[in-house]
Amino acid sequence: MNETRAANTMRVTFSARSENEAFARITVAAFITHLDPTLDELNDLKTVVSEAVTNAIIHGYDNDPARFVTIEASIEDETLHLIVSDEGNGIEDLELARSPLYTSKPELERSGMGFTIMENFMDRFEVTSEPGRGTRIEMSKRIESKKALFN
Amino acid sequence: MSLQVELEHQRNVLIVRLRGELDHHTADIVRLRMEEAILKSTVQHVVLSLKDLIFMDSSGLGVILGRYKQLKAKGGVMAVCDVNKSVYRLLELSGLFKILAVHDNERAALTSLEVVS
């Protein structure tokens, strides 16, 4: 069991429709099941996926259901790497977008907490974006499995 | 899994019970149902009862903040109760506890609002 193995990966692309936010978080949660995450870890990850996908739909694509959001996930040892990307509007000012409570769409009752939540819930968080080309969010988190807690 | 909104009026308090998952997709229905109810002259305060809310993200924070503002404009207050651990963390992280009182259950929340009104 100790031989080096290629990372376990998955990739899913889906329509930028709000009903797919639940699909996205359940998919990622299912992918990491075999790491035996705690309920808290699972909830954190679901929240983070929900934030990233919601951003892509609302801000990347202005709710255009003809566009697509992609999630790539890979598990390396006990670390989950996640990439959520869109090919939409992109973000003009990343620093502004990342500040807590800032929202570019106040008329939509957005809380402006999406990036803050992702940064807080994950071990690593990085955004790259190019106006007119899209946004890519890369994150990772080490899953402390329940087994580890019992040992 | 989607979201159900149950509304109950107790004197001048509107109790809002949310069951399911509150995200961007389900936020609209919560906003619409609550907005309409708060517009009624009989509603002064709101208790958000979250015992069966199994998931919430920042879209939920946005809706709560929006209804808080609506309620504040008519002089009311908002309280939350039965908040699970992950929702609690989100409310804490976003600073919403500065404007929302948190209680263990509906009865405690209602009692606190009777003192206010």
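**Starting at the end of a helix**

A: Just after H2(A), A:Asp62 has a positive phi of about 45°. Everything described here comes from a predicted model.

Helix H2 of chain A runs over residues 39–60. It has 22 residues, and the distance from its first C-alpha to its last is 30 Å, close to the 32 Å expected at 1.5 Å a residue. Because 19 of those 22 residues are buried, H2(A) is largely enclosed by the rest of the structure.

What does H2(A) give to the largest nonpolar core? This core has 60 residues, and A:Val28 and A:Val48 touch the most other members. Helix H2 of chain A is its biggest contributor, with eight residues. If you find A:Val48 in the picture, you can look for the residues it touches beyond four places in sequence: A:Ile117, A:Met118, A:Phe121, A:Met122 and A:Met139.

Another positive phi in chain A is worth a stop. A:Glu109 is not a glycine, yet its phi is positive, near 55°. You will find A:Glu109 in the loop between helix H3 (94–98) and helix H4 (114–121) of chain A. A residue needs 20 or more C-beta neighbours within 10 Å to count as buried. A:Glu109 has 19 inside that distance, so it counts as partly exposed.

Now for the sheet of chain A. Its five strands form an open sheet with antiparallel pairing, in the order S1-S2-S3-S5-S4. Strands S1 (8–15) and S4 (124–130) stand at the edges with a single partner strand each, so each has one side without a neighbour in the sheet. Ignoring direction, neighbouring strands here are turned by 10° against each other on average. Within this sheet, S2 (residues 68–76) and S3 (residues 79–86) of chain A are joined by eight bridges in the antiparallel sense. For one such place, look at A:Ile75, which stands opposite A:Leu80 in S3(A). Helix H1 of chain A (residues 20–31) packs on the sheet, where it touches S1, S2 and S3 of chain A, and its direction makes about 170° with that of S1(A).

Which chain gives 18 residues to the contact, and which gives 20? Chain B gives 18 and chain A gives 20. On the chain B side, helices H1 (24–39), H2 (58–73) and H3 (85–93) each supply at least two residues. H2(B) gives the most, with seven residues. By kind, the chain B side that touches chain A divides into six nonpolar, eight polar and four charged residues.

So what is H2(B) like from end to end? It has 16 residues and reaches 23 Å from first C-alpha to last, close to the 22 Å expected at 1.5 Å a residue. Its buried residues include B:Leu61, B:Val63, B:Ile64 and B:Leu65, and B:Arg67 is buried too. B:Leu71 also belongs to helix H2 of chain B, but its 19 C-beta neighbours inside 10 Å make it count as partly exposed. Leaving out residues within four places in sequence, B:Leu71 is in contact with B:Ile38, B:Val46, B:Gly76 and B:Met78. B:Val43 is 28 residues away from B:Leu71 in sequence, while their C-alpha atoms are 9.0 Å apart. After the helix comes B:Gly75, with a positive phi near 80°.

Our last stop is B:Asp82, in the loop between S5 and H3 of chain B. Its phi is positive, near 55°, in a residue other than glycine. With 20 C-beta neighbours inside 10 Å, B:Asp82 counts as buried.

Methods
Residues numbered from 1 in each chain as written. Chains lettered and ligands numbered in written order. Predicted model: local features only at pLDDT ≥ 70, side-chain atom pairs only at ≥ 80, totals over all residues. Pairing = 2+ DSSP bridges. Helix = DSSP H or I, 4+ residues; strand = E, 2+ residues; numbered from the N terminus. Axes fitted to C-alpha atoms, helices over the stretch in contact; angles between N-to-C directions. Contact = placed C-beta atoms within 7 Å. Nonpolar A, V, L, I, M, F, W, Y, C, P; charged D, E, K, R; others polar. Core = buried A, V, L, I, M, F, W, Y, C linked by C-beta atoms within 7 Å. Buried ≥ 20, exposed ≤ 12 C-beta atoms within 10 Å, placed from the backbone. Expected span 1.5 Å × (residues − 1).
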